[in-house]
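Please keep the sequence and the structure in view while reading the points below.

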Amino acid sequence: MHELSLLSAANEHPERDCLIAEGKTLSYAEVAARVDVALQRLRDCGLARGDRVALTPSVDVDSIVWLYALFEMGAPAVLLHPGLADRERALILRCASPAHVIDDRVPEDRPGHSSDSMDSPSPSDTLTVIYTSGSAGAARGACLSRRAFVASAAAHAAHLGWRDDDRWLLCMPPAHVGGLSVLTRCLIARRCVVLGPPAFEPREVLHILRRDRVTLCSLVPTMLRRLLACEPAWSPHPELRAVLVGGAHFPQALRKRSVEHGIPTLATYGCTEACSQVTTQSPAQAGTLGSGTPLSGIDVRIDDGEIQIRGPVLMDGYLEEDRAHAWQTTDGWLRTGDAGSWLDDGQLLVHGRLDDLIVTGGENVVPREVEDWLQSIPGIESASVFSVPSKEWGEEVVAALVVEPRAYDPGALRDALSAGLAPHKRPKRVCVVEALPLNRTGKVDRALVRSQCVGRLQPI
(Lines give C-alpha, C1' and ligand atoms only; values in the text may rest on other atoms or scores of the structure.)
Protein backbone atom coordinates (compact mmCIF):
# COMPACT_ATOMS: atom_id res chain seq x y z
CA MET A 1 0.00 0.00 0.00
CA HIS A 2 2.15 2.83 -1.31
CA GLU A 3 0.28 5.70 0.40
CA LEU A 4 1.87 4.83 3.74
CA SER A 5 5.29 4.00 2.28
CA LEU A 6 8.06 6.46 3.03
CA LEU A 7 10.28 4.76 0.46
CA SER A 8 7.65 5.20 -2.25
CA ALA A 9 7.29 8.85 -1.25
CA ALA A 10 11.05 9.29 -1.56
CA ASN A 11 11.03 7.76 -5.04
CA GLU A 12 8.28 10.16 -6.08
CA HIS A 13 9.64 13.32 -4.43
CA PRO A 14 13.23 12.75 -3.26
CA GLU A 15 14.07 16.44 -2.76
CA ARG A 16 10.80 17.47 -1.11
CA ASP A 17 10.96 18.50 2.57
CA CYS A 18 9.93 15.61 4.82
CA LEU A 19 10.94 16.47 8.40
CA ILE A 20 12.14 19.62 10.13
CA ALA A 21 13.77 19.05 13.50
CA GLU A 22 15.55 21.71 15.56
CA GLY A 23 15.70 23.94 12.52
CA LYS A 24 17.31 21.29 10.29
CA THR A 25 15.38 20.17 7.20
CA LEU A 26 15.52 16.54 6.02
CA SER A 27 14.33 15.65 2.53
CA TYR A 28 12.28 12.55 1.75
CA ALA A 29 15.42 10.97 0.30
CA GLU A 30 17.40 11.65 3.49
CA VAL A 31 14.68 10.23 5.71
CA ALA A 32 14.32 7.22 3.41
CA ALA A 33 18.01 6.40 3.88
CA ARG A 34 17.48 6.24 7.64
CA VAL A 35 14.27 4.24 7.27
CA ASP A 36 16.15 1.73 5.13
CA VAL A 37 18.71 1.28 7.93
CA ALA A 38 15.92 0.84 10.50
CA LEU A 39 14.26 -1.78 8.29
CA GLN A 40 17.49 -3.75 8.10
CA ARG A 41 17.74 -3.67 11.89
CA LEU A 42 14.19 -4.96 12.23
CA ARG A 43 14.84 -7.78 9.80
CA ASP A 44 18.03 -8.67 11.67
CA CYS A 45 15.77 -9.19 14.70
CA GLY A 46 13.84 -11.79 12.70
CA LEU A 47 10.77 -9.63 12.25
CA ALA A 48 8.42 -9.83 9.29
CA ARG A 49 5.08 -8.52 8.08
CA GLY A 50 2.33 -9.01 10.65
CA ASP A 51 4.62 -9.17 13.72
CA ARG A 52 3.53 -6.73 16.39
CA VAL A 53 6.31 -4.41 17.56
CA ALA A 54 6.04 -2.17 20.63
CA LEU A 55 7.73 1.19 20.99
CA THR A 56 7.44 4.37 23.04
CA PRO A 57 7.55 7.13 20.44
CA SER A 58 8.50 10.68 21.33
CA VAL A 59 8.60 13.84 19.26
CA ASP A 60 12.04 13.12 17.79
CA VAL A 61 13.54 11.94 14.50
CA ASP A 62 14.44 8.45 15.71
CA SER A 63 10.89 7.72 16.82
CA ILE A 64 9.48 8.93 13.52
CA VAL A 65 11.97 6.82 11.53
CA TRP A 66 11.09 3.70 13.53
CA LEU A 67 7.39 4.31 12.87
CA TYR A 68 7.97 4.77 9.14
CA ALA A 69 10.02 1.56 9.10
CA LEU A 70 7.22 -0.39 10.77
CA PHE A 71 4.72 1.08 8.28
CA GLU A 72 7.01 -0.08 5.47
CA MET A 73 7.40 -3.59 6.84
CA GLY A 74 3.71 -4.03 7.64
CA ALA A 75 4.50 -4.73 11.29
CA PRO A 76 1.71 -3.33 13.53
CA ALA A 77 3.11 -0.71 15.90
CA VAL A 78 1.94 -1.14 19.50
CA LEU A 79 2.25 2.40 20.86
CA LEU A 80 3.28 2.89 24.48
CA HIS A 81 2.81 6.30 26.03
CA PRO A 82 6.00 7.69 27.64
CA GLY A 83 4.02 8.58 30.76
CA LEU A 84 2.96 5.01 31.52
CA ALA A 85 3.81 3.60 34.93
CA ASP A 86 5.77 0.36 34.94
CA ARG A 87 2.64 -1.56 35.95
CA GLU A 88 0.59 -0.07 33.10
CA ARG A 89 3.32 -0.76 30.58
CA ALA A 90 3.63 -4.36 31.75
CA LEU A 91 -0.13 -4.91 31.42
CA ILE A 92 -0.16 -3.63 27.82
CA LEU A 93 2.87 -5.70 26.84
CA ARG A 94 1.31 -8.81 28.34
CA CYS A 95 -1.90 -8.18 26.44
CA ALA A 96 -0.38 -7.21 23.09
CA SER A 97 2.37 -9.88 23.19
CA PRO A 98 4.67 -8.02 20.75
CA ALA A 99 7.36 -9.99 18.95
CA HIS A 100 9.83 -7.22 19.71
CA VAL A 101 10.16 -4.04 21.77
CA ILE A 102 12.14 -1.14 20.28
CA ASP A 103 14.12 0.62 22.98
CA ASP A 104 17.12 2.05 21.15
CA ARG A 105 18.02 4.63 18.52
CA VAL A 106 18.18 4.01 14.80
CA PRO A 107 21.70 2.79 13.89
CA GLU A 108 23.74 5.21 11.83
CA ASP A 109 26.64 3.06 10.64
CA ARG A 110 25.00 0.32 8.60
CA PRO A 111 23.89 0.29 4.98
CA GLY A 112 20.28 -0.72 4.50
CA HIS A 113 18.75 -2.62 1.64
CA SER A 114 15.98 -4.16 3.67
CA SER A 115 13.16 -3.26 1.29
CA ASP A 116 14.34 -5.93 -1.17
CA SER A 117 11.99 -8.94 -1.40
CA MET A 118 9.63 -7.60 1.27
CA ASP A 119 5.98 -8.62 1.16
CA SER A 120 3.80 -5.60 0.42
CA PRO A 121 1.33 -4.84 3.23
CA SER A 122 -2.38 -5.19 2.46
CA PRO A 123 -4.85 -2.31 2.99
CA SER A 124 -6.63 -4.49 5.56
CA ASP A 125 -3.48 -5.05 7.62
CA THR A 126 -3.30 -3.43 11.04
CA LEU A 127 -1.09 -0.33 10.96
CA THR A 128 -1.09 0.29 14.69
CA VAL A 129 -2.57 -0.72 18.02
CA ILE A 130 -3.32 2.36 20.11
CA TYR A 131 -4.44 2.05 23.69
CA THR A 132 -7.31 4.24 24.80
CA SER A 133 -7.17 6.25 28.01
CA GLY A 134 -9.33 3.69 29.79
CA SER A 135 -11.78 6.17 31.39
CA ALA A 136 -14.38 3.41 31.59
CA GLY A 137 -11.98 0.78 32.95
CA ALA A 138 -8.76 -0.87 31.84
CA ALA A 139 -7.17 0.58 28.71
CA ARG A 140 -8.03 -1.26 25.50
CA GLY A 141 -5.97 -1.57 22.35
CA ALA A 142 -7.77 -0.26 19.27
CA CYS A 143 -6.64 -2.08 16.11
CA LEU A 144 -6.51 0.48 13.29
CA SER A 145 -5.96 -0.67 9.72
CA ARG A 146 -3.95 0.95 6.97
CA ARG A 147 -7.17 1.42 5.02
CA ALA A 148 -8.73 3.33 7.93
CA PHE A 149 -5.83 5.80 8.11
CA VAL A 150 -5.97 6.37 4.36
CA ALA A 151 -9.72 7.02 4.61
CA SER A 152 -9.17 9.42 7.51
CA ALA A 153 -6.51 11.32 5.57
CA ALA A 154 -8.82 11.58 2.57
CA ALA A 155 -11.60 12.96 4.78
CA HIS A 156 -9.26 15.60 6.19
CA ALA A 157 -8.00 16.54 2.71
CA ALA A 158 -11.54 16.95 1.41
CA HIS A 159 -12.27 19.35 4.28
CA LEU A 160 -9.20 21.62 4.48
CA GLY A 161 -7.28 20.63 1.37
CA TRP A 162 -3.53 20.77 0.93
CA ARG A 163 -1.21 23.55 -0.21
CA ASP A 164 2.19 22.92 -1.73
CA ASP A 165 3.88 24.73 1.16
CA ASP A 166 1.97 23.04 3.99
CA ARG A 167 3.97 22.16 7.08
CA TRP A 168 2.23 20.52 10.04
CA LEU A 169 3.61 21.01 13.54
CA LEU A 170 3.79 17.83 15.62
CA CYS A 171 3.73 18.75 19.30
CA MET A 172 1.43 16.00 20.60
CA PRO A 173 2.75 12.54 21.52
CA PRO A 174 2.81 10.15 18.52
CA ALA A 175 1.61 7.48 20.95
CA HIS A 176 -1.84 9.07 20.70
CA VAL A 177 -3.93 9.05 17.56
CA GLY A 178 -3.94 12.85 17.35
CA GLY A 179 -0.16 12.96 17.11
CA LEU A 180 0.16 9.85 14.94
CA SER A 181 -2.39 11.20 12.47
CA VAL A 182 -0.17 14.22 11.80
CA LEU A 183 2.47 11.79 10.57
CA THR A 184 0.12 9.58 8.53
CA ARG A 185 -1.69 12.48 6.85
CA CYS A 186 1.53 14.24 5.90
CA LEU A 187 3.08 11.00 4.64
CA ILE A 188 0.04 10.20 2.51
CA ALA A 189 0.00 13.76 1.12
CA ARG A 190 3.81 13.82 0.74
CA ARG A 191 4.01 16.93 2.90
CA CYS A 192 6.35 18.10 5.65
CA VAL A 193 6.16 17.50 9.42
CA VAL A 194 7.77 20.01 11.77
CA LEU A 195 8.82 18.46 15.08
CA GLY A 196 8.02 20.46 18.19
CA PRO A 197 10.05 20.25 21.41
CA PRO A 198 10.16 16.79 23.09
CA ALA A 199 8.24 18.28 26.03
CA PHE A 200 5.66 20.97 25.36
CA GLU A 201 7.11 24.37 26.22
CA PRO A 202 4.96 27.32 25.05
CA ARG A 203 7.70 29.80 24.18
CA GLU A 204 9.66 27.20 22.25
CA VAL A 205 6.53 26.16 20.34
CA LEU A 206 5.82 29.77 19.38
CA HIS A 207 9.41 30.13 18.18
CA ILE A 208 9.13 26.98 16.05
CA LEU A 209 5.78 28.05 14.59
CA ARG A 210 7.33 31.23 13.23
CA ARG A 211 10.85 30.01 12.40
CA ASP A 212 9.69 27.00 10.40
CA ARG A 213 6.70 28.73 8.74
CA VAL A 214 4.18 26.22 10.08
CA THR A 215 0.83 26.28 8.26
CA LEU A 216 -1.10 23.61 10.21
CA CYS A 217 -1.07 22.70 13.88
CA SER A 218 -2.96 20.34 16.21
CA LEU A 219 -3.43 21.20 19.89
CA VAL A 220 -5.44 20.17 22.90
CA PRO A 221 -7.14 23.09 24.71
CA THR A 222 -4.63 23.09 27.56
CA MET A 223 -1.80 23.69 25.07
CA LEU A 224 -3.72 26.52 23.42
CA ARG A 225 -4.42 28.13 26.78
CA ARG A 226 -0.71 28.04 27.68
CA LEU A 227 0.28 29.54 24.32
CA LEU A 228 -2.20 32.40 24.75
CA ALA A 229 -0.84 33.07 28.24
CA CYS A 230 2.66 33.83 26.90
CA GLU A 231 4.05 37.34 27.04
CA PRO A 232 4.26 39.05 24.65
CA ALA A 233 0.92 37.83 23.37
CA TRP A 234 0.86 35.26 20.57
CA SER A 235 0.50 36.99 17.22
CA PRO A 236 0.12 34.34 14.49
CA HIS A 237 2.28 34.61 11.39
CA PRO A 238 0.54 34.91 7.99
CA GLU A 239 1.35 31.34 6.87
CA LEU A 240 -0.57 29.73 9.75
CA ARG A 241 -3.93 28.78 8.22
CA ALA A 242 -5.52 26.34 10.70
CA VAL A 243 -5.07 25.24 14.30
CA LEU A 244 -7.14 22.12 14.99
CA VAL A 245 -8.23 21.99 18.63
CA GLY A 246 -9.61 18.74 20.01
CA GLY A 247 -8.95 15.88 22.38
CA ALA A 248 -10.76 17.57 25.26
CA HIS A 249 -13.46 20.14 25.97
CA PHE A 250 -12.80 23.44 24.15
CA PRO A 251 -14.41 26.10 26.38
CA GLN A 252 -16.26 28.96 24.72
CA ALA A 253 -14.25 31.54 26.64
CA LEU A 254 -11.04 30.07 25.21
CA ARG A 255 -12.53 30.11 21.70
CA LYS A 256 -13.37 33.78 22.13
CA ARG A 257 -9.82 34.60 23.27
CA SER A 258 -8.42 32.76 20.25
CA VAL A 259 -10.54 34.79 17.86
CA GLU A 260 -9.51 38.02 19.60
CA HIS A 261 -5.86 37.08 19.08
CA GLY A 262 -6.41 36.23 15.42
CA ILE A 263 -5.62 32.53 15.91
CA PRO A 264 -7.36 30.43 13.19
CA THR A 265 -8.64 27.78 15.60
CA LEU A 266 -11.05 25.11 14.36
CA ALA A 267 -12.80 22.91 16.91
CA THR A 268 -12.70 19.24 16.05
CA TYR A 269 -14.20 16.07 17.52
CA GLY A 270 -12.88 12.57 17.11
CA CYS A 271 -11.70 9.47 18.91
CA THR A 272 -9.01 6.82 18.76
CA GLU A 273 -11.43 4.23 17.42
CA ALA A 274 -12.10 6.40 14.34
CA CYS A 275 -8.51 7.43 13.52
CA SER A 276 -8.99 10.83 15.21
CA GLN A 277 -10.97 13.44 13.20
CA VAL A 278 -14.71 12.85 12.77
CA THR A 279 -16.12 16.39 12.68
CA THR A 280 -14.29 19.68 12.19
CA GLN A 281 -15.33 23.30 11.88
CA SER A 282 -14.87 25.24 8.66
CA PRO A 283 -12.92 28.51 8.82
CA ALA A 284 -16.23 30.38 8.66
CA GLN A 285 -17.34 28.61 11.88
CA ALA A 286 -14.21 29.47 13.88
CA GLY A 287 -15.04 30.66 17.37
CA THR A 288 -18.63 29.44 17.30
CA LEU A 289 -20.20 26.81 19.54
CA GLY A 290 -19.89 23.25 18.29
CA SER A 291 -17.31 20.89 16.82
CA GLY A 292 -18.13 21.25 13.14
CA THR A 293 -19.92 18.94 10.72
CA PRO A 294 -19.02 15.34 9.80
CA LEU A 295 -16.13 14.95 7.39
CA SER A 296 -16.62 13.42 3.98
CA GLY A 297 -17.34 9.68 4.07
CA ILE A 298 -18.03 9.62 7.81
CA ASP A 299 -21.57 9.20 9.18
CA VAL A 300 -22.51 10.53 12.62
CA ARG A 301 -25.80 10.07 14.43
CA ILE A 302 -27.22 10.74 17.88
CA ASP A 303 -28.93 7.66 19.29
CA ASP A 304 -30.60 8.09 22.69
CA GLY A 305 -28.24 10.98 23.42
CA GLU A 306 -25.08 9.07 22.41
CA ILE A 307 -22.78 10.06 19.55
CA GLN A 308 -22.32 7.11 17.19
CA ILE A 309 -20.02 6.86 14.17
CA ARG A 310 -19.94 4.75 11.05
CA GLY A 311 -17.58 4.71 8.06
CA PRO A 312 -14.28 3.43 6.66
CA VAL A 313 -12.27 5.23 9.35
CA LEU A 314 -13.40 2.85 12.10
CA MET A 315 -11.10 0.40 13.82
CA ASP A 316 -11.38 -3.33 13.28
CA GLY A 317 -12.00 -3.83 16.99
CA TYR A 318 -10.20 -4.00 20.30
CA LEU A 319 -7.28 -6.38 20.60
CA GLU A 320 -8.75 -7.92 23.75
CA GLU A 321 -12.35 -8.39 22.62
CA ASP A 322 -14.63 -10.01 20.09
CA ARG A 323 -14.15 -7.73 17.10
CA ALA A 324 -17.57 -8.41 15.64
CA HIS A 325 -19.81 -7.42 18.52
CA ALA A 326 -18.23 -5.84 21.58
CA TRP A 327 -17.88 -2.26 20.38
CA GLN A 328 -20.52 -1.63 17.70
CA THR A 329 -24.24 -1.86 17.10
CA THR A 330 -25.71 -4.62 14.96
CA ASP A 331 -25.85 -2.21 12.01
CA GLY A 332 -22.19 -1.19 12.29
CA TRP A 333 -22.20 2.01 14.34
CA LEU A 334 -19.43 2.70 16.86
CA ARG A 335 -20.77 3.45 20.34
CA THR A 336 -18.54 6.30 21.49
CA GLY A 337 -19.92 6.71 25.01
CA ASP A 338 -19.99 10.48 24.37
CA ALA A 339 -23.16 12.53 24.77
CA GLY A 340 -24.07 14.99 22.04
CA SER A 341 -26.69 16.82 20.02
CA TRP A 342 -27.00 18.78 16.78
CA LEU A 343 -26.99 22.57 16.62
CA ASP A 344 -29.27 24.45 14.22
CA ASP A 345 -26.35 25.15 11.87
CA GLY A 346 -25.56 21.45 11.54
CA GLN A 347 -22.59 21.37 13.89
CA LEU A 348 -22.12 18.59 16.43
CA LEU A 349 -22.28 19.75 20.04
CA VAL A 350 -20.43 17.39 22.39
CA HIS A 351 -21.76 17.38 25.94
CA GLY A 352 -19.11 15.11 27.46
CA ARG A 353 -19.11 11.50 28.54
CA LEU A 354 -22.48 9.90 29.12
CA ASP A 355 -21.28 8.66 32.48
CA ASP A 356 -20.36 12.26 33.51
CA LEU A 357 -24.02 13.27 33.48
CA ILE A 358 -25.23 14.51 36.89
CA VAL A 359 -28.79 13.79 38.00
CA THR A 360 -29.78 16.03 40.90
CA GLY A 361 -33.33 16.08 42.23
CA GLY A 362 -34.50 14.37 39.03
CA GLU A 363 -32.92 17.06 36.81
CA ASN A 364 -30.10 16.36 34.36
CA VAL A 365 -26.98 18.55 34.53
CA VAL A 366 -24.30 18.47 31.81
CA PRO A 367 -20.97 19.38 33.49
CA ARG A 368 -19.56 21.03 30.36
CA GLU A 369 -22.40 23.54 30.20
CA VAL A 370 -21.75 24.62 33.79
CA GLU A 371 -17.98 24.70 33.22
CA ASP A 372 -18.39 26.96 30.20
CA TRP A 373 -20.45 29.40 32.23
CA LEU A 374 -18.02 29.37 35.15
CA GLN A 375 -15.07 30.00 32.84
CA SER A 376 -16.81 33.07 31.39
CA ILE A 377 -16.80 34.73 34.83
CA PRO A 378 -13.92 37.18 35.41
CA GLY A 379 -11.32 35.77 37.78
CA ILE A 380 -12.00 32.09 36.95
CA GLU A 381 -9.35 30.60 34.68
CA SER A 382 -10.67 27.04 34.48
CA ALA A 383 -13.26 24.81 36.13
CA SER A 384 -14.19 21.18 36.57
CA VAL A 385 -17.74 20.32 37.58
CA PHE A 386 -18.61 17.02 39.23
CA SER A 387 -21.00 15.64 41.82
CA VAL A 388 -20.93 14.32 45.36
CA PRO A 389 -23.63 12.22 47.04
CA SER A 390 -26.54 14.10 48.59
CA LYS A 391 -29.22 12.66 50.88
CA GLU A 392 -31.67 15.33 49.74
CA TRP A 393 -30.97 15.50 45.99
CA GLY A 394 -29.24 12.21 45.19
CA GLU A 395 -26.31 14.12 43.71
CA GLU A 396 -25.06 17.61 44.52
CA VAL A 397 -23.38 19.74 41.85
CA VAL A 398 -19.96 21.04 42.96
CA ALA A 399 -16.92 22.51 41.21
CA ALA A 400 -13.16 22.79 41.38
CA LEU A 401 -11.90 26.22 40.31
CA VAL A 402 -8.56 27.61 39.22
CA VAL A 403 -8.75 31.35 39.89
CA GLU A 404 -6.79 34.55 39.41
CA PRO A 405 -6.53 35.70 43.06
CA ARG A 406 -6.55 39.41 42.27
CA ALA A 407 -9.69 39.16 40.13
CA TYR A 408 -11.68 36.38 41.82
CA ASP A 409 -14.70 37.58 43.80
CA PRO A 410 -16.97 34.96 45.46
CA GLY A 411 -19.77 37.50 45.58
CA ALA A 412 -19.55 38.07 41.82
CA LEU A 413 -19.55 34.29 41.37
CA ARG A 414 -22.83 33.97 43.28
CA ASP A 415 -24.40 36.76 41.23
CA ALA A 416 -23.20 35.25 37.94
CA LEU A 417 -24.53 31.81 38.82
CA SER A 418 -27.92 33.26 39.72
CA ALA A 419 -28.03 35.25 36.48
CA GLY A 420 -26.85 32.55 34.12
CA LEU A 421 -27.83 29.10 35.38
CA ALA A 422 -31.01 27.40 36.54
CA PRO A 423 -30.97 26.60 40.27
CA HIS A 424 -30.40 22.86 39.77
CA LYS A 425 -27.29 23.56 37.62
CA ARG A 426 -25.58 25.89 40.06
CA PRO A 427 -22.67 24.43 42.05
CA LYS A 428 -23.55 24.45 45.73
CA ARG A 429 -19.94 24.24 46.89
CA VAL A 430 -16.53 24.88 45.33
CA CYS A 431 -12.90 24.05 45.92
CA VAL A 432 -10.16 26.43 44.77
CA VAL A 433 -7.10 24.59 43.44
CA GLU A 434 -3.81 25.66 41.86
CA ALA A 435 -4.34 23.53 38.73
CA LEU A 436 -6.70 20.89 37.41
CA PRO A 437 -5.02 17.47 37.09
CA LEU A 438 -4.89 16.12 33.54
CA ASN A 439 -4.66 12.59 32.23
CA ARG A 440 -2.18 11.57 29.53
CA THR A 441 -4.47 12.75 26.72
CA GLY A 442 -4.69 16.28 28.11
CA LYS A 443 -8.22 15.88 29.45
CA VAL A 444 -9.20 16.89 32.98
CA ASP A 445 -9.13 13.81 35.20
CA ARG A 446 -12.50 14.18 36.92
CA ALA A 447 -11.93 11.20 39.21
CA LEU A 448 -8.69 12.71 40.49
CA VAL A 449 -10.30 16.15 40.82
CA ARG A 450 -13.05 14.60 42.92
CA SER A 451 -10.62 12.72 45.18
CA GLN A 452 -8.50 15.85 45.73
CA CYS A 453 -11.41 18.18 46.43
CA VAL A 454 -14.14 16.18 48.16
CA GLY A 455 -12.88 17.04 51.66
CA ARG A 456 -12.14 20.69 50.82
CA LEU A 457 -15.44 21.89 49.36
CA GLN A 458 -16.74 25.19 50.73
CA PRO A 459 -20.20 26.79 50.30
CA ILE A 460 -20.30 29.61 47.78
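Cys 186 counts as buried because its relative accessibility is 1%, where buried means under 20% relative accessible area, exposed over 50% and partly exposed in between, with a 1.4 Å probe and protein chains only. The model is a predicted one, in which local features need pLDDT of at least 70, side-chain atom pairs count only at pLDDT 80 or more, and totals for chains, interfaces and linings use all residues. Residues are numbered from 1 along each chain as its sequence is written, and side-chain values use heavy atoms, with hydrogens and water left out.

**Surroundings of Cys 186**

- Cys 186 belongs to helix 6 (residues 177-189); helices (H or I, at least four residues) and strands (E, at least two) are DSSP runs, numbered from the N terminus.
- Beyond its neighbours within four places in sequence, Cys 186 is in contact with Tyr 28, Trp 162, Trp 168, Arg 191, Cys 192 and Val 193, contact being defined as heavy atoms within 4.5 Å.
- Cys 186 and Cys 18 are 168 residues apart along the chain, and their C-alpha atoms are separated by 8.6 Å.

**The chain as a whole**

- The secondary structure comprises 12 helices and 25 strands.
- For 460 residues, a compact globule would have a radius of gyration near 23 Å, and the value of 23 Å for the chain agrees with this. The radius of gyration is taken over C-alpha atoms, and the globule rule is 2.2 Å times the number of residues to the power 0.38.
- Along the principal axes, the C-alpha atoms fill a box of roughly 70 × 50 × 40 Å.
- Of the 460 residues, 53% count as buried.
- Among contacts in the chain with a separation of 6 or more, 67% are between residues 24 or more positions apart.

**Helix 2 and helix 3**

- The axes of helix 2 (residues 28-44) and helix 3 (residues 61-73) come within 8 Å and cross at roughly 65°. Axes are lines fitted to C-alpha atoms, for helices over the stretch in contact, and angles run from 0 to 180 degrees between N-to-C directions.
- Helix 2 and helix 3 are therefore roughly perpendicular to each other; angles under 35 degrees count as roughly parallel, over 145 as roughly antiparallel, 65 to 115 as roughly perpendicular and the rest as oblique.
- Helix 2 passes helix 3 in a right-handed crossing. A crossing is right-handed if the near helix is turned clockwise from the far one by less than a right angle, and left-handed if anticlockwise.
- The residues that make this contact include Val 31, Val 35 and Leu 39 of helix 2 and Val 65, Trp 66 and Ala 69 of helix 3.
- The residues of the contact of helix 2 with helix 3 divide into 12 nonpolar, no polar and five charged. Here Ala, Val, Leu, Ile, Met, Phe, Trp, Tyr, Cys and Pro count as nonpolar, Asp, Glu, Lys and Arg as charged, and the others, Gly among them, as polar.

**Helix 8 and helix 9**

- Helix 8 (residues 221-228) and helix 9 (residues 252-260) have axes that come within 11 Å and cross at roughly 45°. That angle makes helix 8 oblique to helix 9.
- The crossing of helix 8 with helix 9 is left-handed.
- In this pair, Pro 221, Leu 224, Arg 225 and Leu 228 of helix 8 meet Leu 254, Arg 257 and Ser 258 of helix 9. These contact residues divide into four nonpolar, one polar and two charged.

**Backbone features**

- Most residues other than glycine have a negative phi, and most peptide bonds are trans.
- Glu 231 and Pro 232 are joined by a cis peptide bond, with omega about -5°. Pro 232 lies in the loop between helix 8 and strand 11 (242-245).
- Cys 275 has a positive phi, near 60°, and sits in the loop between strand 12 (265-271) and strand 13 (276-280).
- Ser 276, in strand 13, also has a positive phi, near 85°.
- Cys 275 is buried at 0% relative accessibility, and Ser 276 is buried at 9%.

**Ser 152 and Val 313**

- Ser 152 is located in helix 5 (residues 146-160) and is buried, with a relative accessible area of 3%.
- Leaving aside neighbours within four places in sequence, Ser 152 is in contact with Arg 185, Cys 275, Ser 276 and Val 313.
- Val 313 lies in the loop between strand 16 (306-310) and strand 17 (317-318), and counts as buried at 1% relative accessibility.
- Not counting residues up to four places away in sequence, Val 313 touches several residues, among them Ser 152, Cys 275 and Ile 298.
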